Structures are given as structure tokens and as C-alpha cells.
Amino acid sequence: MESLPLLSGHPMPVVGLGTWPMRGDQCKEVIKQALELGYTHFDTAWIYQNQREIGEALREVGADRSKLFITSKVGRDYLQYDVALKQADDILEYLQMDYVDLLLVHWPNEAVPMEGTIRAFNEVFDAGKARSIGVSNFSVEQMERARSLSAAPISVNQIKYHPGYEQRDVLQWCLENDVVVTAYSPLGKKGILRDPVLLDIARIHDKTSAHVALKWLLQKGMIIIPKASSRAHLQANLDVFDWSLSESEMQSIDRIAG
């Protein structure tokens with residue numbers, strides 16, 4: 001699996017499995033299938049209510065923790081200093097792990113002073129409970145604020161990004177400042193995969209429009225975490241490494257969102 005280096009010094013696999021909204025036995029089964037297919041990067045969050053199942057699935061199959069990359073997130077209603085520290089510990093307890101590879105602020109909350117949140121995340125980082133820290137759904141202004149408050153590097157911003165919905169200003173800022181962008185909902189709604197531009201490019205490469213959408217994100221320098229609940233889709237989402245889009249094809253896809 002290819003990876004991108006984070007400012008923290010740790011590599012992050014470029015393809016991961018998004019686990020929202022999977023829960024219960026379904027979640028455990030999908031995690032196990034993903035491991036069999038070669039996934040090592042799993043994305044979860046406190047509000048997904050599936051961290052216990054993820055931890056159990058990994059333990060039941062005897063997964064090598066040192067080869068995994070686990071991302072979790074502290075919810076926007078839990079960003080006060082003391083509460084964020086507790087939720088970080090609760091996340092580890094549910095996952096049955098000593099650390100997560102990446103801990104994110106799930107959503108910004110202007111009602112909570114960012115200073116306390118970042119201080120808590122720095123303490124989690126310094127204690128080795130998170131090997132990297134970052135944010136999710138942050139604007140450029142919020143990214144600059146978080147970075148100015150943090151002694152530890154803000155390594156990642158996870159944002160919604162797909163061919164029908166771009167956040168170009170955020171992506172550009174992150175690329176210029178060596179912050180890795182993780183694209184969630186990389187396939188958008190089903191409608192975007194029926195876009196004629198994606199379908200035409202897919203036919204040229206003998207791929208699906210979903211493959212094209214994912215490859216476009218990767219070639220822009222992002223990490224992708226598509227959700228999949230079937231073995232076929234899990235396997236398909238890994239078929240993004242031995243081919244490439246041309247510059248003209250990239251530009252055609254850029255124009256979809258306007």
C-alpha cells in the first residue's frame with residue numbers, strides 16, 4: 001500500500017476504509033474482509049458508535065497492530081479541554097488499543113475555545129496516545145488558527161471532496177503547508193458517478209466511474225477513505241494503483257464542479 005508522509009513523521013496509507021455508518025456484526029465482518037484484502041487503514045469516530053466492534057474484529061483475527069493505521073475523531077460536542085481528554089481515553093478503551101495513529105477534531109465548534117481543544121490534543125500526542133493529530137472540516141482560517149495554537153504538528157485535515165464538490169482553497173492551503181488532506185465521501189452521491197465525463201474516461205481506461213473519481217483524488221495528492229460494505233466493492237476500491245489519468249482527463253474532471 002502506498003503512503004504519504006505526515007508532518008509528525010509517520011506514514012499514512014493513501015487508501016483507507018471509511019466505516020460510517022456500519023455498526024454491529026456487519027462492521028466486524030467488513031473489517032475482517034478488508035484485512036484479508038490488504039487494507040491496513042481504518043477510519044472511525046466517536047459518533048460512529050462502531051469503535052468497539054472495530055477493536056473486537058482486529059483482535060479476533062490477530063491483526064498486527066504495528067502494521068495498522070487507525071484514525072478516530074473527537075466529536076464537536078466534546079471539545080472542552082477536560083472532556084476531550086476523557087473522550088480520547090474512551091476511544092482507546094473501546095478500540096482496545098494503547099494509541100491511535102491519528103486523532104482528529106471531528107468538526108470545529110465556535111462555542112468552545114480552540115485553545116483548550118488544541119491543548120488537550122497536544123497532551124494526548126505528548127503522552128503517545130495519538131501518533132499524529134489533526135482536524136476535520138476546518139476552513140483555511142480555522143486551520144491557521146489551530147496550527148498557531150499547537151506545539152505538535154497539525155498533520156491532517158479531513159474534508160468532504162469529490163468530483164462534484166471541491167474545496168479548492170482548503171486543498172491548496174494544505175498542499176502549500178504540507179498538511180495532508182483526507183477526502184471523505186470521495187464518491188459523493190450516486191448521481192455523480194453517472195456524470196458523462198467520468199463515464200467516458202472510465203470507458204477509455206476499462207475502469208468504473210468510481211475508479212476514476214478515486215484516482216482523480218489520489219493524483220491531486222489526497223488520501224481517500226471510501227466506504228464499502230461488500231467484498232466486491234472493498235476489492236474494487238483498491239484498484240487505483242497501476243494506471244493513471246492524463247492531464248487533460250484531470251482537467252475535464254476539474255470542470256465538473258465548476
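Tutor: We will go through the pocket, the cavity and the core. This is a predicted model, where local features need pLDDT of at least 70, side-chain atom pairs count only at pLDDT 80 or more, and totals for chains, interfaces and linings use all residues. Residues are numbered from 1 along each chain as its sequence is written, and side-chain values use heavy atoms, with hydrogens and water left out.

Student: Which residues lie nearest the centre of the largest pocket?
Tutor: Rolling a probe the size of a water molecule over the atoms shows where empty space is left. On a 1 Å grid over the protein atoms alone, a pocket is an open set of points with protein on both sides within 12 Å along at least five of seven lines, a cavity is a set where a 1.4 Å probe fits but cannot get out, and lining residues have an atom within 4 Å of a point. Here 34 residues line the largest pocket, and Ser 185, Pro 186, Leu 187, Gly 188 and Lys 227 lie nearest its centre. Its lining has 14 nonpolar, 15 polar and five charged residues.

Student: What lines the largest cavity?
Tutor: Its lining includes Ala 88, Leu 103 and Lys 129, and divides into seven nonpolar, no polar and two charged residues.

Student: Which residues have the most contacts inside the largest nonpolar core?
Tutor: In soluble globular proteins, nonpolar side chains tend to be buried together. The largest core has 86 residues, and Leu 17, Ile 31, Tyr 39, Phe 42, Leu 58 and Leu 103 have the most contacts inside it.

Note on methods. Ala, Val, Leu, Ile, Met, Phe, Trp, Tyr, Cys and Pro count as nonpolar, Asp, Glu, Lys and Arg as charged, and the others, Gly among them, as polar. A nonpolar core is a set of buried Ala, Val, Leu, Ile, Met, Phe, Trp, Tyr and Cys residues joined through side-chain atoms within 4.5 Å. Buried means under 20% relative accessible area, exposed over 50%, partly exposed in between (1.4 Å probe, protein chains only).
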